[in-house]
Amino acid sequence: MDRRLPEQKISVQAIPEKENIQPLKEHKITISRGKTITELLSPFLPHKLISELLATSSPLYNLNRIMAGHNLTLRLLESGDFHSLTYEINNEQYLEIRKDNDGFLASLKILPLEKKLCFLSGEIKGSLIEALNQLEEKDYLALSLAEIFAWEIDFYLDLRAGDSFALIFEKNYRENEFVGYGNILAAQIINQGKKYQAFRFLHPETGRADYFDAQGKSLRKEFLRSPIKYARITSRYSHRRLHPIQKIYRPHYGVDYAAPVGTPVQATADGLVTFAGWNGPSGRMIRLRHKNGYETLYLHLRNFAPGIKVGARVKAGDIIGYVGSTGESTGPHLDYRIIHHGRYINPLAWRFEPANPLPAEYLEVFKNEIKFYEFLLNNPLWFARLLTY
């Protein structure tokens, strides 16, 4: 059953009122692919003036980097003289250039966004993305939810029909139009009868946000459950497997994930690149060294992500390469392997240590902050009854 909390206003960020000068004409321009700022403004302004505007804005934003689909607004006075120019950089800020007594003045301004608090729950019948799409939410929300639980759940391998989810999250609006999702504040997934919960907490000292369970234990572990999001396992770790090409039985020390060529492959833990190149039957391969005696290997890649070379450092979740079928391979897939203190281990069966829990001095503050969220996640029917009144 779809249960939603009525969207509630959290805050409205206002910007100062503009001075009461109304230009005679306002030209709103949606930027077309391949168009430059000079081409767009030249029907209205002389080239010298356009150059001055570019020079004025360059310390804050390079207008030569305008993007297709974004909006420009040019305002001219009744005399035809320049009044102001605004460029929407993204959903959060815009560039404004105004005429003043000394020439031109450029500034970056925050778009007035309205945050609304939302509650959503549902049942999984196929994939998490399909479940949220059926509730008229976008893929991004499903991917964000999957990322929170990525250390606990493999969202291709572990999900079952009948699993359920609930989440409390923010939506951002501008002038009553949805412009994107904010933070997921709390979430719950019941997977194969086991309940997983996550609560967002902003560390008071570092300002970094992280997710913890109700007891303050971190959801992060040493390794992510999977190097590919939403990939199908075609071969598991085995000490005796018939090799598909050589037709002989020998150990298979990895897990094969079938995925289309070009599918991004992510590092499963923070680490250092110790090898990135061609490795015979393994094709293009990356080898990472991690703390506590761990190494991970990523075989049969099509190519590497930018910056991936020996000596590069990566974070868990960073894209390091792309699925291919190089070396001894019968089709596009990733062969993923883990070594612990010099011996191969089963990536699907090994129990990894969790990250550090929330420091004790913040535990009481954290538990007070999550009381409402925890109650709502545990009692969605209670809130559903309130909606009937």
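This is a predicted model: local features need pLDDT of at least 70, side-chain atom pairs count only at pLDDT 80 or more; totals for chains, interfaces and linings use all residues.
Me: Which strand gives the largest share of the lining of the second largest pocket?
Reply: Strand E10 (194-202) and strand E22 (333-340) each supply at least two residues of that lining, which divides into 17 nonpolar, five polar and nine charged residues. The largest share, four residues, comes from E10.

Me: What is the volume of the largest pocket, and which residues are closest to its centre?
Reply: The largest pocket has a volume of about 1100 Å³. Its lining is made by 44 residues, and the closest of these to the centre are Glu147, Trp151, Arg220, Leu224 and Ala316.

Me: Which element supplies the largest share of the lining of the largest pocket?
Reply: The elements that each give at least two residues to this lining include helix H4 (139-148), strand E9 (177-191) and strand E11 (209-212). By kind, the lining residues divide into 21 nonpolar, eight polar and 15 charged. The largest share amounts to six residues, and the element that supplies them is H4.

Me: Is Arg75 buried or exposed?
Reply: Arg75 belongs to strand E3, which covers residues 71-76, and its side chain makes a polar contact of 2.8 Å with the side chain of Glu26. The relative accessible area of Arg75 is 16%, and because buried means under 20%, Arg75 counts as buried.

Me: How many residues apart are Glu137 and Lys171?
Reply: The side chains of Glu137 and Lys171 meet in a salt bridge at 3.1 Å, N to O. The pair links distant parts of the chain, since Glu137 sits in the loop between helix H3 (128-134) and H4, while Lys171 sits in strand E8 (residues 164-174), and their separation is 34 residues.

Me: Are Glu137 and Lys171 buried or exposed?
Reply: The relative accessible area of Glu137 is 4%, and the relative accessibility of Lys171 is 9%. Because the cut-off for buried is under 20%, Glu137 counts as buried, and Lys171 also counts as buried.

Me: Why does the pair of Lys315 and Asp270 tie together parts that are apart in sequence?
Reply: The side chains of Lys315 and Asp270 meet in a salt bridge at 3.8 Å, N to O. Lys315 lies in the loop between strand E20 (313-314) and strand E21 (319-323), and Asp270 lies in the loop between strand E16 (264-266) and strand E17 (271-278), so the parts that the pair ties together are 45 residues apart in sequence.

Me: Which residues do salt bridges that share partners join into one network?
Reply: Through shared partners, salt bridges join three residues into one network, namely Glu26, Lys28 and Arg75.

Methods: Residues are numbered from 1 along each chain as its sequence is written. Side-chain values use heavy atoms; hydrogens and water are left out. Buried means under 20% relative accessible area, exposed over 50%, partly exposed in between (1.4 Å probe, protein chains only). A polar contact is a pair of N or O atoms within 3.5 Å; within protein, one must be able to donate a hydrogen and the other to accept it, and residues adjacent in sequence count only if both atoms are side-chain atoms. On a 1 Å grid over the protein atoms alone, a cavity is a set of points where a 1.4 Å probe fits but cannot get out, and a pocket is an open set with protein on both sides within 12 Å along at least five of seven lines; lining residues have an atom within 4 Å of a point. Grid points are joined across faces, edges and corners, and a volume is the space filled by probe spheres set on the points. Ala, Val, Leu, Ile, Met, Phe, Trp, Tyr, Cys and Pro count as nonpolar, Asp, Glu, Lys and Arg as charged, and the others, Gly among them, as polar. A salt bridge is a side-chain nitrogen of Lys or Arg within 4 Å of a carboxyl oxygen of Asp or Glu.
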